[in-house]
Amino acid sequence: MPRTFTVSDSIVVRVRPADVYQHVSDPARMGAWSPENLGATVHGDAGETRPGMVFDGRNKRGAFRWTTRCTVTAAEKDRLFRFRVHAIGIRRPRLPGRIATWEYRFEPVPEGTRVTETWTDDRRSWPDFVAHAFDRLATRGQTFADFQARNIATTLRNLKKVMESASGTP
């Protein structure tokens with residue numbers, strides 16, 4: 001069975017694109033809505049999110065915890081935030097490699113903002129049978145595409161709840 005390399009989903013959040021972008025493009029805040037991410041530490045001057053900014057994300061899945069090294073590849077204010085995951089480790093991201101790319105698009109709609117989250121599997125050099133075996137072990141029986149599709153849906157629902165609660169939108 002060939003791998004699915006990209007999964008995506010969208011939700012409409014009843015707040016302005018600028019407000020959603022400001023929250024999502026701050027890696028330290030990601031833990032507020034992600035089912036796996038616990039937040040992040042930005043290297044150097046955090047300041048405004050920009051391409052080239054590096055951060056380490058803290059993650060968990062059940063009892064297992066790990067850290068990833070990520071680099072922002074796109075930060076178009078109120079429109080697009082994208083980062084590439086390129087190292088992983090238990091306490092520190094010591095093992096380099098192409099892992100994944102995460103992208104968030106913000107589109108103004110009459111109701112507020114359509115947020116689209118996309119995960120792309122960057123492990124292109126892995127043979128399918130190796131990726132399938134690793135994925136099923138790491139996700140307790142699923143492919144990463146199926147697993148991430150569920151995570152994305154959960155993340156978007158949580159983001160909507162957090163953002164609309166903060167803005168007072170019912």
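The model is predicted, so local features need pLDDT of at least 70 and side-chain atom pairs count only at pLDDT 80 or more, while totals for chains, interfaces and linings use all residues. Residues are numbered from 1 along each chain as its sequence is written, and side-chain values use heavy atoms, with hydrogens and water left out. The structure holds 14 salt bridges (a side-chain nitrogen of Lys or Arg within 4 Å of a carboxyl oxygen of Asp or Glu).

**The network**
- Salt bridges link Arg3, Asp121, Arg123, Asp128 and Asp135 in a network.
- Arg3 and Asp128 pair through their side chains, at 3.1 Å from N to O.
- This pair links distant parts of the chain, 125 residues apart: Arg3 is in the segment before strand 1 (6-13), and Asp128 is in helix 2 (residues 128-138).
- Helices (H or I, at least four residues) and strands (E, at least two) are DSSP runs, numbered from the N terminus.
- Asp121 forms a salt bridge with Arg123, with 2.8 Å between the closest N and O atoms.

**Burial within the network**
- Buried means under 20% relative accessible area, exposed over 50%, and partly exposed in between (1.4 Å probe, protein chains only).
- Arg3 counts as buried because its relative accessibility is 9%.
- Asp128 has a relative accessible area of 33% and is therefore partly exposed.
- Asp121 and Arg123 are both buried.

**The Arg16 pair**
- Arg16 and Asp19 form a salt bridge through their side chains, at 3.0 Å from N to O.
- Arg16 is exposed, at 52% relative accessibility.
- Asp19 is partly exposed, at 26% relative accessibility.
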